[in-house]
Amino acid sequence: MAVLVYTENWDGKFKKLAFELVSYAKKLAGMLNTSTTAVSIGNVDKSELEKLGKYGANKILTIQGDNFNVLDNRLYATAISQVAEKESSDFIVLSNNNTGKAIAPRLSVRLKGGLVTGVISVPDSLDPFTVIKKVYSGKAMAKVVIKSKIRILTLAQNSFGLVEAAGKANIESFTPEVSAEAITINVINAEKQTGKIILTDAEIVVSGGRGMKSPDNWGPLEELATLLGAATACSRPVSDEGWRPHEEHTGQTGKIIAPNLYIAVGISGAIQHLAGISSSKYIVAINTDKDAPIFEAADYGIVGDAFKVLPELIKAVREAK
Amino acid sequence: MVKQIIFVLILACAIYFFYNNVRIIARNIRLGRDISINDNRWKRWMIMLRVAIGQSKMVVRPVSAIMHILVYVGFIIINIEMLEILIDGIFGTHRLFSFIGNSYNILITVFEFFAIGVIFGCIIFLVRRNILRLKRFWNKEMTKWPRTDANIILITEIFLMSAILLMNASDTLLQSFPGSHYANIGGFTVSSFIAPLLSGMSEGSLVFVERFCWWFHIVGVLAFLNYIPYSKHFHVFLAFPNVYYSKLKPKGELENMPSITGEVMLMLNEEVGAAAEEEAAEEISFGAKDVNDLTWKSLMDAYTCTECGRCTSGCPASITGKKLSPRKIIMDTRDRLEIVGRNINKKGKDFDDGKSLFDFISHEELWACTTCNACTIECPVNIDHVSIIVELRRYLVMEMASAPGELNSIFTNIENNGAPWQFSPEDRLVWAEKIEVPVMADLHARGVKPDYLFWVGCAGAFDDRYKKVARAFTKILNHLKINYAVLGTEESCTGDPARRAGNEMVFQMQALTNIEVLNGYDIKNIITICPHCYNVFKNEYPELGGKYNVINYTLFLRDQLESGKLMISSDIFADKSITYHDPCYLGRCNDIFDPPREVLDTISSRKVEMKRNKSFALCCGAGGGQMFKEAEKGDKEVFIERIEDALETGADIIATACPFCMTMLTDGIKYKNKEEELKNYDIAELIALSLNL
């Protein structure tokens with residue numbers, strides 16, 4: 001009966017995302033007069049699991065073991081559907097990130113449950129069960145009714161917020177029945193980036209283009225990023241030239257991001273680049289060419305030499321701090 | 001008598017085997033999907049006369065053209081002599097036609113000159129292939145057999161022609177022997193130069209040489225005839241019908257899929273859809289997986305190809321080191337068809353070997369195509385490579401759901417936002433915020449009917465660089481006081497990138513929705529700035545019920561300038577050297593080469609052409625969905641190759657007439673760090689600036 005919520009971890013740690021999901025599930029459970037059960041897959045310490053309790057999880061089922069260390073959407077979907085059956089849960093909540101979007105449809109098929117992705121608030125009504133999601137690139141809201149007994153939702157990130165709840169969760173472990181053939185992924189080697197803010201998670205991004213002239217000129221840009229707690233990004237030509245690592249490439253064929261603040265330095269604003277950043281809340285552009293297309297998209301524009309503007313900007317940020 | 005019997009037997013066998021092989025090839029071609037090509041007969045005959053008989057597409061490359069014409073004409077003319085040889089062989093006569101007297105010597109002499117021509121041509125060809133090693137004969141698909149095949153053909157022809165000359169030479173000598181049964185008809189100009197080489201020989205040896213050459217020649221010709229169906233040389237027969245059945249439509253127009261129309265109609269309107277679906281019910285799979293899913297014309301293309309490689313040498317993907325080679329696509333189709341044919345012969349009609357065209361052609365090759373049609377322009381026998389590529393893409397996308405990830409996201413974007421990029425349709429008029437643009441819905445509400453619809457396109461609406469072009473053109477329209485309107489938020493992607501990437505479903509959904517809007521406003525004239533939109537409106541919407549007078553803005557500007565309505569008032573570009581880059585979907589695909597150049601003539605007298613221009617212009621690299629994905633692996637990006645052409649001219653400005661070309665070429669300029677030297681403007685911007693707008 002409980003509301004089931006899948007809480008994803010990264011290297012054994014939960015992010016804000018997981019706590020937001022639990023907060024949401026707790027609120028939903030309150031409306032339904034039932035409890036909240038969180039499912040965690042992979043090796044997570046007890047102390048970390050306990051954190052979920054702070055946001056209202058009544059029970060935590062943890063699935064551990066060698067087979068579950070690697071994210072495998074099919075395998076995880078199998079495990080979560082077994083939990084749902086065991087707990088006879090009619091409501092399952094996942095994040096609307098890549099993992100959630102990959103697992104949720106599989107759960108929907110397995111459990112014959114109606115699925116709505118990208119939900120932005122608690123149900124509008126419980127009978128009929130109606131939820132709200134954004135459509136048309138966020139220009140409109142749709143109310144969607146789920147008619148099936150089992151209802152699966154993925155929650156859009158940052159749409160509910162964190163709500164702490166006093167309480168302590170029972171932690172139980174669970175072992176799903178998985179056949180040997182179901183295990184199809186074997187990680188041979190993993191390389192990790194350390195000490196950097198992940199681009200797709202960053203709230204502020206400082207990005208450089210060909211206008212930076214040379215890979216040696218990134219110093220002030222990185223300094224500004226560090227000061228702002230921002231991630232660094234770049235345009236495609238820059239990563240093509242090997243000035244910056246490929247994972248910084250932002251745009252149509254690179255990463256598509258939507259930070260609150262995007263600072264574009266020496267980026268002219270070709271459509272392939274803007275297609276990847278246009279959902280940013282505020283865009284600030286620094287460019288020597290006043291006719292550069294980026295100024296069309298920018299909320300604030302500075303026409304000037306980046307090598308003069310950046311130090312001033314850094315100084316100003318320092319002073320403001 | 002014995003000789004005659006042997007001769008007749010050999011001849012009968014040769015004809016029988018040849019007939020049999022040709023029948024199999026004809027059967028194989030008919031394995032293809034049935035389409036009817038019997039329109040425009042007169043026009044087709046004229047094209048065949050010009051392209052196949054007249055070799056019009058060969059002459060673009062003069063050296064190989066002259067050599068080929070020597071061999072081709074020689075081959076045809078010498079066949080007249082074959083008639084005499086056949087009659088002589090059957091009836092045991094000798095030089096039967098010599099009764100016509102002196103004319104006979106002249107005739108044979110003419111043949112001998114052609115024989116020399118053929119030998120000369122073949123030697124040059126062998127040198128080009130084996131010593132000069134022209135790149136197009138050494139591409140990766142030109143491995144052992146295709147290379148050997150070419151050499152066998154050339155060497156055989158040299159031998160056959162030499163035999164004729166040697167035979168004639170010994171004949172001339174034999175005539176002078178007293179009491180010889182070789183009638184004294186006199187010598188022939190060319191072979192009389194060879195005769196002295198044989199002069200020391202006895203009569204017996206000479207008779208042996210003469211007879212040997214006669215038999216060698218005729219048996220050789222019959223053997224060669226039977227070799228041809230196994231060889232690329234089959235083009236000597238198929239070139240003519242293949243050119244007759246050429247695609248007459250504009251090169252940019254892709255074949256419509258009625259089966260999809262049914263599906264889409266069903267989604268949009270159930271009643272109409274049901275009827276349409278019933279009509280198209282026979283078709284069960286979309287696109288092509290194997291040869292029998294391709295049209296018979298594509299299969300005829302495969303048998304007609306003589307592997308000259310002009311397509312590949314003009315292909316932007318091949319030039320920049322990508323895996324795609326249009327010639328290989330055709331050769332693979334033929335290889336696969338041959339295997340399917342042999343399976344039918346050996347194991348019956350229903351045998352399935354579990355293989356398909358995808359065992360020959362990789363996805364990487366297919367996704368490297370820009371659908372620029374450089375290959376189809378180059379092909380001397382009008383093979384249509386692009387159709388095969390698009391059919392295979394359609395299968396990958398609609399049956400296998402295995403398009404590259406980036407393309408999947410543009411399909412979703414087009415479906416959800418009506419644009420290949422993820423921008424909101426509500427923002428479609430943001431580009432016009434600061435200028436005056438009449439919107440169709442407003443005019444309609446006031447009962448006003450504009451003369452023209454200005455179709456802005458997704459790039460004009462969302463690409464910050466191209467918004468400037470949309471504004472420039474709007475200013476020109478306002479300046480001319482044209483009675484026009486834009487659709488604004490009612491505009492939606494024409495579906496072009498989806499169609500060319502193989503997603504016919506998304507294309508037709510866009511097409512049918514757009515047509516409904518356009519017909520709702522009773523629109524007659526559409527002006528486009530984007531050539532891709534232009535191509536779709538002009539060539540592809542009519543079949544789906546959208547028939548409009550479609551005008552590309554370069555034509556519109558040309559007409560306005562010509563009629564004096566538009567007067568260039570400033571000379572800001574007069575001393576600038578301008579080069580024009582032909583967008584594929586304006587030039588090659590729709591034959592608009594001159595109007596943009598004529599427009600540019602009005603603002604500058606210093607126009608320069610790039611080395612590859614007009615129908616041979618190199619693609620910018622963005623067509624066929626490439627704009628929205630990473631390029632396939634290669635040595636170089638296409639746009640860099642193209643910008644090098646432009647830089648070579650030393651021009652100050654590269655003028656374009658397409659949003660995709662603009663993006664790619666501007667990128668190219670940046671990669672080369674030539675932003676100071678070379679500027680990229682659209683023709684509309686140059687005119688607007690020249691008008692001080």
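Strands β5 (residues 577-580) and β6 of chain B pair in the parallel sense over 3 bridges. Two strands count as paired if DSSP finds at least two bridges between them. Strands (E, at least two residues) and helices (H or I, at least four) are DSSP runs, numbered from the N terminus. Within this pair, B:Thr579 stands opposite B:Val608 of β6(B). The model is predicted: local features need pLDDT of at least 70, side-chain atom pairs count only at pLDDT 80 or more, and totals for chains, interfaces and linings use all residues. Residues are numbered from 1 along each chain as its sequence is written, and chains are lettered from A and ligands numbered from 1 in the order in which they are written.

The open sheet of chain B has 4 strands, in the order β6-β5-β7-β8, with parallel pairing. Its edge strands are β6 (606-608) and β8 (679-682) of chain B, each pairing on one side only. Neighbouring strands are turned by 35° against each other on average, direction ignored. Helix α28 (residues 659-671) of chain B packs on the sheet and touches β7 (653-656) and β8 of chain B. The direction of α28(B) makes about 170° with that of β8(B). Axes are lines fitted to C-alpha atoms, for helices over the stretch in contact, and angles run from 0 to 180 degrees between N-to-C directions. Contact between two residues requires C-beta atoms, placed from the backbone, within 7 Å.

The largest nonpolar core holds 191 residues, of which A:Val265 and B:Ala684 touch the most other members. Such a core is a set of buried Ala, Val, Leu, Ile, Met, Phe, Trp, Tyr and Cys residues joined through C-beta atoms within 7 Å. A residue is buried if 20 or more other C-beta atoms lie within 10 Å of its own, with C-beta atoms placed from the backbone. Helix α17 (residues 385-399) of chain B gives the largest share of this core, 9 residues. Beyond neighbours within four places in sequence, B:Ala684 contacts B:Val469, B:Ala472, B:Phe473, B:Ile476, B:Ile529 and B:Tyr553.

Helix α7 of chain B (residues 203-227) has 25 residues and should span 36 Å at 1.5 Å a residue; its end C-alpha atoms are 35 Å apart, which agrees. The expected span is 1.5 Å times one less than the number of residues. Among the buried residues of α7(B) are B:Trp214 and B:His217. The buried residues of this helix pack against α3 (62-91), α5 (144-175) and α6 (195-198) of chain B.

Between the chains, 18 residues of chain A are in contact with 20 residues of chain B.

Technical notes:
A residue is buried if 20 or more other C-beta atoms lie within 10 Å of its own, exposed if 12 or fewer, and partly exposed in between; C-beta atoms are placed from the backbone.
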